[in-house]
Amino acid sequence: MAWALDLDGVVWLADEPIAGSAGAITRLRGAGAHVVFVTNFSWGRRGDIADKLARHGIDPGDDVITSSMAAAALVEPGERVLVVGGPGIVEAVESRSAEAVPVGDPDAGTAPVDAVLVGLDPQFDYRAMTLASTAVRRGARLLATNDDATYPTATGPVPGGGAVLAAIATAAGVTPVVAGKPHAPIATLVRERCGDVGVMVGDRPDTDGRFARTLGWEFALVLTGTIGAHDLPVTPSPERIAATLADLVDEALTGHRPSPR
Ligand SMILES: [Mg+2]
């Protein structure tokens, strides 16, 4: 059976490893599970995420699926794409044999584009909002890696890609097509690799839980990220709940609930 793992809040918290996760992934693979890593993080290149997994003692294989890849799958070869976001989006667009024009380029906005692709961009400003929304008003499709309002940091939540997207969509007067969890485009990528039966493991019911429903898979909630035991119950209701990925995997492989600690 396939296991799709969210990263932040499941495998690590920002840069800190979550105890036991690396070993749990090794045990899952040893038991024959197909493990993929599914993240809405759009900034980094796929290789950056693979390197981070390796630094945490986890073989990334060819099993990293990002919201940038899902969004770029909506771009056709040969198209010209204005990118509001980071190198992960540029790489994904170029891997589709399309042309990526970062919004920060001095000549961005001088030639027409077929699509505007939006992710998290810490450099986002009024100029970028103007270039992106004007391109959409002139006919470009508005695509996005994700619509997460915030993402967690050590000092609390900060604006996420969804906040940048909302500014552009409001100025452009259109509804964007969103590729990342919990939406359909990234579900298509996961199903192409993993099939129709699996477990989606995540820390956020609103993204990972709803994504499990989009996939038609089980939702397994772990309590190492945004949701603690005091936040239960949550919607959608998880088929499995465990304190950690390690406990979840132990229970799945042995059939026994780990003793409380
Ligand atoms: Mg997460």
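**Figure 1. Accessible surface and burial of the predicted protein model.** The accessible surface of the protein (Shrake-Rupley method, 1.4 Å probe) comes to about 11600 Å², and 54% of this area belongs to carbon and sulfur atoms. Of the 261 residues, 51% count as buried, meaning under 20% relative accessible area, with exposed over 50% and partly exposed in between (1.4 Å probe, protein chains only). This is a predicted model, in which local features need pLDDT of at least 70 and side-chain atom pairs count only at pLDDT 80 or more, while totals for chains, interfaces and linings use all residues. Residues are numbered from 1 along each chain as its sequence is written, and side-chain values use heavy atoms, with hydrogens and water left out.

Figure 2. Asp 6 (OD), Asp 8 (O) and Asp 203 (OD) are the protein donors, lying 2.1 to 2.2 Å from the magnesium ion. Donors are N, O and S atoms within 2.8 Å of the metal (3.2 Å for Na, K and Ca); water is not among the atoms, so sites may look incomplete. Along the chain the donors follow the spacing D-x1-D-x194-D.

**Figure 3. Loops that carry Asp 8 and Asp 203.** Asp 8 lies in the loop between strand 1 (2–5) and strand 2 (12–13), and Asp 203 in the loop between strand 13 (198–202) and helix 8 (205–215), so the pair ties together parts that are 195 residues apart in sequence. Helices (H or I, at least four residues) and strands (E, at least two) are DSSP runs, numbered from the N terminus. Asp 8 is partly exposed at 27% relative accessibility, whereas Asp 203 is buried at 3%.
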